[in-house]
Amino acid sequence: MQLETTPIEGVHVIQKRIFQDDRGQFCRLYAADEFAHIGLDTKAVHVNSSTSALKGTLRGIHFQYPPFSETKIVSCLSGAIWDVAVDLRPDSPTRFQWFGVELTPSNGKSLLVPDGCGHAFLTLADSSTVVYVVSNTYNIESESGAKYDDPMLNIAWPLEPQVISDKDTNWDCLANRFGELLRLGDV
């Protein structure tokens, strides 16, 4: 595995090695020893998957407050997604900046989204399946999110989202939530 840096500290693109033969392909999605070798200390507490039936499905922007904040390693197993990490850390010089990358089964890329960052993705193809390796347990009281079209973030989605949950359309704008977002810096 190779680790590619991004303009946001702690957000990395992980380039996985893909092995192909006449049967198809194989790649390792998560390997604690390989991540440690390239300088990442991540733990896996949950492995989640989601499948979106339609192109243009948006999920996110999601995050959890401490002590349940989480690091995610996101991979696409079928279809294609535009995966986005949003820096929400109070003391970060790149706070409210985002980074996006296309993830597909054939490009071998995963996105590492660290604690204190929000995560979202938009499907670029029908029947897209995503796997998330998550470093902490889900806690509904610590769950939060941001609007995908929040003007403070100004995310350049590659296509207009078509399918969005009520929960994801109803998050308040970040400009109205600065006090709440300071909780992301809590230890």
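**Salt bridges in the predicted model**

Let's start with Glu143 and Lys167, whose side chains join in a salt bridge with an N to O distance of 2.8 Å. This pair ties together distant parts of the chain, 24 residues apart: Glu143 belongs to strand E13 (residues 143–145), while Lys167 sits in helix H2 (residues 166–169). Helices (H or I, at least four residues) and strands (E, at least two) are DSSP runs, numbered from the N terminus. Glu143 is partly exposed at 22% relative accessibility, and Lys167 is partly exposed too, at 40%. Here, buried means under 20% relative accessible area, exposed over 50%, and partly exposed in between (1.4 Å probe, protein chains only).

A word on the ground rules. This is a predicted model, in which local features need pLDDT of at least 70 and side-chain atom pairs count only at pLDDT 80 or more, whereas totals for chains, interfaces and linings use all residues. Residues are numbered from 1 along each chain as its sequence is written, and side-chain values use heavy atoms, with hydrogens and water left out.

Side chains of opposite charge can pair when their charged atoms come close. A salt bridge is counted when a side-chain nitrogen of Lys or Arg lies within 4 Å of a carboxyl oxygen of Asp or Glu. That rule gives four salt bridges.

Another of these pairs Arg89 with Asp87, their closest N and O atoms being 2.9 Å apart. Arg89 is buried, with a relative accessible area of 19%, and Asp87 is buried at 0%.

Now turn to Glu70 and Lys72, where the side chains meet in a salt bridge at 3.8 Å, N to O. Both Glu70 and Lys72 are buried.
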